[in-house]
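Please open the structure in your viewer and keep the selection tool at hand.

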Amino acid sequence: MRPLIACLLMLALAACDSKPKDAPQGGVPAESVGRVDISQRGKQMPAIPFTAPGGGPATLTQFRGKPLMVNLWATWCAPCVAEMPTLEKMAAEDDRFRLITVSQDLEGAKVIAPFFKEKGFKALTQYADQQNVLMAELGTETLPTTVFYDATGKELWRVYGMMDWRGAPAKKLIDDAVGG
């Protein structure tokens, strides 16, 4: 199993978008849009366990009942780090859906907690997937990857790559997903 995890990590690292040259310091370029994919629409969210804040188990299925946006990211992924402030703002201001971030860092809380403290993130969660099982189950090799599920746990869309979550394209995606 370890060679598979190492292979997935290498693929994720290789696929991690590099920060665009026009990105402002510490942020995403205005109207940055990753690749939107609806080919998995209707697929049920996986029940694969990952680590909740505090070290206990968590699954995506525990969030059924309210739309859920899941962002897979890592502290070493420049586009992931660039979009995190826009996710933090959205998590603090939009209560129409639940937003969780799941780090793919192999060191888990050891690197996530200091990162969150340094950036001052309070609205985002510190979930971790040290085995990268969510990446494998979702069939993605790209970080960041963001997946949006309806309240019943069915996928509506996913975005591969960095997104300005404050921009008009993101607003339209989310408004369409939650009904306005």
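Is Asp164 buried or exposed? Select Asp164 in this predicted model: the residue is buried, because its relative accessible area is 6%, and the cut-off for that class is under 20%. Asp164 and Arg166 form a salt bridge, in which the closest N and O atoms are 3.2 Å apart. Side chains of opposite charge can pair when their charged atoms come close. By the rule applied here, the count of salt bridges comes to 9.

**Second stop: a network of charges**

Select Asp94, Arg96, Lys171 and Asp175 together. Salt bridges that share partners join Asp94, Arg96, Lys171 and Asp175 into one network. Begin with Arg96, which forms a salt bridge with Asp94; the closest N and O atoms of this pair are 2.7 Å apart. Arg96 counts as partly exposed because its relative accessibility is 31%, whereas Asp94, at 18%, counts as buried.

Next, turn to the pair of Arg96 and Asp175. Their side chains meet in a salt bridge with an N to O distance of 2.8 Å. Asp175 lies in helix H5 (residues 168-178) and Arg96 in the loop between helix H2 (78-93) and S5, so this pair ties together parts that are 79 residues apart in sequence. Asp175 has a relative accessibility of 16% and therefore counts as buried.

Select Gln104, which is found in the loop between strand S5 (98-103) and helix H3 (109-119). How is Gln104 classed by its relative accessibility? Gln104 counts as buried because the value is 0%. To view its surroundings, display the residues that Gln104 contacts, leaving aside its neighbours within four places in sequence: Leu72, Trp73, Ala74, Asp129, Asn132, Met135 and Leu143.

**Last stop: a patch on the surface**

Finally, select Val33, Val36 and Ile38. What do these residues form on the surface? Val33, Val36 and Ile38 form a nonpolar patch, and together they have about 230 Å² of accessible area. Within this selection, examine Val36, whose place is in strand S1 (residues 35-37). Val36 has a relative accessibility of 38% and so counts as partly exposed.

Definitions and conventions
Residues numbered from 1 in each chain as written. Predicted model: local features only at pLDDT ≥ 70, side-chain atom pairs only at ≥ 80, totals over all residues. Heavy atoms only, no water. Patch = residues over 30% accessible without salt bridge, like charges linked within 9 Å, V, L, I, M, F, W, Y side chains within 5 Å. Areas by Shrake-Rupley, 256 points an atom, 1.4 Å probe, with all protein chains shown as cover. Salt bridge = Lys/Arg side-chain N within 4 Å of Asp/Glu carboxyl O. Helix = DSSP H or I, 4+ residues; strand = E, 2+ residues; numbered from the N terminus. Buried < 20%, exposed > 50% of the residue type's maximum accessible area, 1.4 Å probe, protein only. Contact = heavy atoms within 4.5 Å.
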